[in-house]
Amino acid sequence: MVRGIGLKVLLVADGAGVLCHTAPLVTSLVRTGLSVRLSLTASAQILVGPYYGSMLSGHPVLSFEELDENGVSGYDAILVVPASDKTIKEMCESPAWNGVRCPVLVGPGLLPKDDNADAWDELDATISARGWKLIPAGIETCTMGALGELRVASAERCFEETMVAIGKNDLKGKRILITTGPTAEDADPVRFVTNRSTGRMGVALARMAAWRGAFVTLVHGPMSWPIPQINAIRPVPVRSANDMYKATMELVQDHQVAILCAAVADYTPVEYSDIKIKKGHDATFALLLKRTPDILDAVGHMPGKRPFLVGFAAESDHVHANAQAKLQAKNCDMLCANDVTKPGSGFAVGTNQVTVFLRGGEVRELPQMSKEDVAEKILDMVIERMSLI
Ligand code: PMT
């Protein structure tokens, strides 16, 4: 996924955390097309020499003192992670760091003994007073073998926050609710009815929207695709169609856009058995199902002002006719249809081929692309169409 071509990032890495943190972070930044300069503090250089750093980034490693002497300019974003107290203090006192214009993201590394809410609050106050952004550690711990442990935001979180920081910001201030994943309709404590959705298409939409500055509420069923750790994505886990309906209807009102990508079960067992349903003697078994609430239809027909509404349609036949009918019946602004019988399209693959049906009759056929690229195209159309409303 190449998103960062032409953009420059400076990564300052400090202390023993470089051992477990820096290689995966530099690799993911470089892989996305960014040009990365690595600066190692003196303590980091004891543990990983400059040759290793140059090999990772493809550029000579800078020392922390060089930054102080030569200034810290010419970057699109600066990441300081893991950052010790000492380095944060030096940055705060240095004139070179005072004049920095680009986003500066600071991920402090705390020893487990120093890790408490007050310490993080204090760091947040110091860092935000300079207009920099704190990347707090969530549940993450960096394990350094005999050197102990460090509480620091994971390389993955730091990568995602960097992509948000350098993003084009054309969705800044927008709140987008996305549903994704399958739902699970329980029949008894052991069995449930579900489908093949992994949640990957909705995660791609959430991630690309967050990278472009939006705040995303991600209402999701039981996922088999990971949800990225980004401050701008708030995951709301649910299980059944009914749970997803309740969560969506409660939250959707204060969002400007709703993209309903979940593969919601159309039917759920009429009855839930508290005990495991026993095997009988008959050769067949029938599970009686009833209709679930239709979330897309409910949002489309919400009273008052509703968000700009994008639906999805998983089709296996008569894609155009079925999608047009859904667009109209559910009162959507856009409907993204994918033929789930085509190879490389639909459920549980990294790519998708989507045809977008727009209110007013226009139809745009997208080529088969990665789900992230499909997500970008859908968001482009959302921006274009919202400005017409
Ligand atoms: O998750 P992945 O593995 O990445 O796969 C992606 C996907 C194939 C699930 C995705 O691209 C997709 O097509 N999502 C919609 C799946 C679906 O349930 O389509 P549908 O045609 O059955 O439903 C039409 C629309 O109504 C959808 O927006 C759906 O979210 C919504 N719906 C359906 C039933 C229901 N009870 N409530 C709903 O809101």
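Student: Which residue does the disulfide join to Cys 20?

Tutor: Quick note before we start: this is a predicted model, where local features need pLDDT of at least 70, side-chain atom pairs count only at pLDDT 80 or more, and totals for chains, interfaces and linings use all residues. Residues are numbered from 1 along each chain as its sequence is written, and side-chain values use heavy atoms, with hydrogens and water left out. A disulfide here is a pair of cysteine sulfur atoms within 2.5 Å, and a search of the whole structure finds one. With S to S at 1.7 Å, the partner of Cys 20 is Cys 142.

Student: How many residues apart in sequence are the parts that this pair ties together?

Tutor: Helices (H or I, at least four residues) and strands (E, at least two) are DSSP runs, numbered from the N terminus. Cys 20 sits in helix α1 and Cys 142 in strand β7 (residues 142–143), so the link ties together parts whose separation in sequence is 122 residues.

Student: Is Cys 142 buried or exposed?

Tutor: Buried means under 20% relative accessible area, exposed over 50%, and partly exposed in between (1.4 Å probe, protein chains only). Cys 20 comes out partly exposed at 27%. Cys 142 has a relative accessible area of 6%, so call it buried.

Student: Which cysteine sulfur is nearest to that of Cys 261?

Tutor: Cys 261 is buried, with a relative accessible area of 11%. Cys 261 is in no disulfide; the nearest cysteine sulfur is 8.2 Å away and belongs to Cys 336.

Student: Which are the edge strands of the eight-strand open sheet?

Tutor: Two strands pair if DSSP finds at least two bridges between them. The order is β13-β12-β9-β14-β17-β18-β20-β21, with mixed pairing. Each edge strand pairs on one side only, and the two are β13 (233–237) and β21 (363–365).

Student: Which residue in β21 stands opposite Phe 357?

Tutor: Strand β20 (residues 354–358) and β21 run antiparallel, joined by three bridges. Opposite Phe 357 stands Val 363.
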